[in-house]
Amino acid sequence: MSEHDEPQGGALHPRTAVLTRGFDPSLSVGSARPAVFRSSTYVFASPEAAERAFAMATGKIHPHTGERADLIYSRISHPNAEILEDQIVPLEPGAREAAVFNSGMAAIMTSFFTFARPHGTIVYTTPLYGGTTGLIHNFLEPFGVKGIPVPSGDSAGIDVAIRGAENCCIVYIETPANPTLTMTDIERAAEAAARHPDRPTVMVDNTFLGPAFQHPLELGADLVLYSATKFLSGFSDMVAGVALARNSETVNMLRSRRVMFGNILQPDECWLLDGRLPTVSLRMNRQSKNAQRLAEALNGHKRLIRVIYPTLFEDSEQIRIFRKQCAYPGALFSIDFRGGKKAAFEFLRHLRIARNAVSLGGVETLSCHPKTTTHSGMSAAELAESGVTDGLVRISVGIEDWRDLLADFEQALAAVG
Ligand SMILES: *Cc1c(COP(=O)(O)O)cnc(C)c1O
């Protein structure tokens, strides 16, 4: 919400730009950090100004260069959404604009409803976040949009699926996959999509490694989606979603759907999330370092079949994708117990620091048993194909001292009979 979009030119590094761009203190009575504007409606300077604002909002006229559209009503937009949307852009390399939503699912749903077409097809990697799978099966398919699943990481299979998809409107990638961290080559999938005559929109759910460690827009994706509930907000105390695109028109299309669906992020939540942005890369770096220490220390433990973490990958294609696509391995790892579900539950019961909860990305360490919780909606065949076993425990590492976490995991492992 500044008069000039880039206060000091566009050349600042992301960590600086996130603090300087998009916020003009003079519009918040001089306060150094943004105020919260809770108003649901905005007062016009004149009836003519109201007429002009509506003409702009409905696309009948376009703003002059440098002109900012007057605010109208908070379901359309409000100052805290504008500030947040401006400030988050520099964190996503390649992004021009962002739109914020009241959950990650709201961002995903709005993106699907913007780009899906009747009788169209969506090629998607499996496994996906459970809510996204449900959206495809229980909502889009009954409306005549066909989902075409491809196992994540199957680089050649994704090419074939995209090439063969008729009336293809969306290619949807979640990488790394949850909870096995299987990685999909974004650039290769984007190239296959670019060669398709229907030119499908390539969307990447970047919740697990973005915005710090993986940059899909630079690899050819059109749209990046986030559950900001996770790393972006980082304290497990709010629910939010973000979509970012290379192209302003894509974001404008999402915003016009957002007005209809009524799923913009509310002012208080925007303000809270905006305050978390300057530390997201600090937090993610510490979380990733902690996770790497723990995963590598637990690797080879006698009670575990395997520890799943990018620096421990053995498959050459997975190693190749990780090295090419990710700056750091991230905060999530999974461990697979020899003793199956019983051992996994015993382990969770004995943890003292790491809490047993779903969700991820917060500054506190969380652990869960995917098969009976986050992935319990999957069929036996889907579970087997996705590597979600009885003994699998997923851990999202926080910013605690890693030595305390390691001691906690070791004592809980020792307690497993
Ligand atoms: C949590 C999550 C979502 C859904 O986000 P909400 O904010 O809970 O709506 C989508 N994708 C991934 C990868 C997630 O982890």
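This is a predicted model: local features need pLDDT of at least 70, side-chain atom pairs count only at pLDDT 80 or more; totals for chains, interfaces and linings use all residues.
## Ligand surroundings

T229 places a polar side-chain atom 2.6 Å from an oxygen atom of the ligand. For K230, an N or O atom in the side chain is 2.7 Å from a ligand oxygen atom. M105 takes part through its backbone: a polar backbone atom of M105 is 2.8 Å from an oxygen atom of the ligand. On its own, the ligand has 380 Å² of accessible area, and the protein covers 92% of that area.

## Domain layout

The protein is divided into two parts, with domain 1 spanning residues 11-276 and domain 2 spanning residues 280-414. Taken over C-alpha atoms, the centres of domain 1 and domain 2 are 28 Å apart.

## Interface between the domains

On the domain 1 side, 34 residues are in contact with domain 2, where 43 residues take part. About 3100 Å² is buried between domain 1 and domain 2, and carbon and sulfur atoms give 61% of this area. Of the area that domain 1 buries against domain 2, 26% comes from M183, F213 and F231, more than any other three residues supply.

## Polar and charged pairs

The side of domain 1 that touches domain 2 consists of 16 nonpolar, 13 polar and 5 charged residues.

Across the interface of domain 1 and domain 2 there are 3 salt bridges. D185 and R320 form a salt bridge in which the closest N and O atoms are 2.9 Å apart. This N to O distance of 2.9 Å falls within the 4 Å cut-off for a salt bridge.

Note on methods:
Residues are numbered from 1 along each chain as its sequence is written. Side-chain values use heavy atoms; hydrogens and water are left out. Domain bounds come from an automatic or database domain assignment. Contact means heavy atoms within 4.5 Å. Buried area is the accessible area (1.4 Å probe) that two parts lose on being put together, summed over both. A salt bridge is a side-chain nitrogen of Lys or Arg within 4 Å of a carboxyl oxygen of Asp or Glu. Ala, Val, Leu, Ile, Met, Phe, Trp, Tyr, Cys and Pro count as nonpolar, Asp, Glu, Lys and Arg as charged, and the others, Gly among them, as polar. A polar contact is a pair of N or O atoms within 3.5 Å; within protein, one must be able to donate a hydrogen and the other to accept it, and residues adjacent in sequence count only if both atoms are side-chain atoms. Accessible areas come from the Shrake-Rupley method with a 1.4 Å probe; for residues, only the protein chains shown count as cover.
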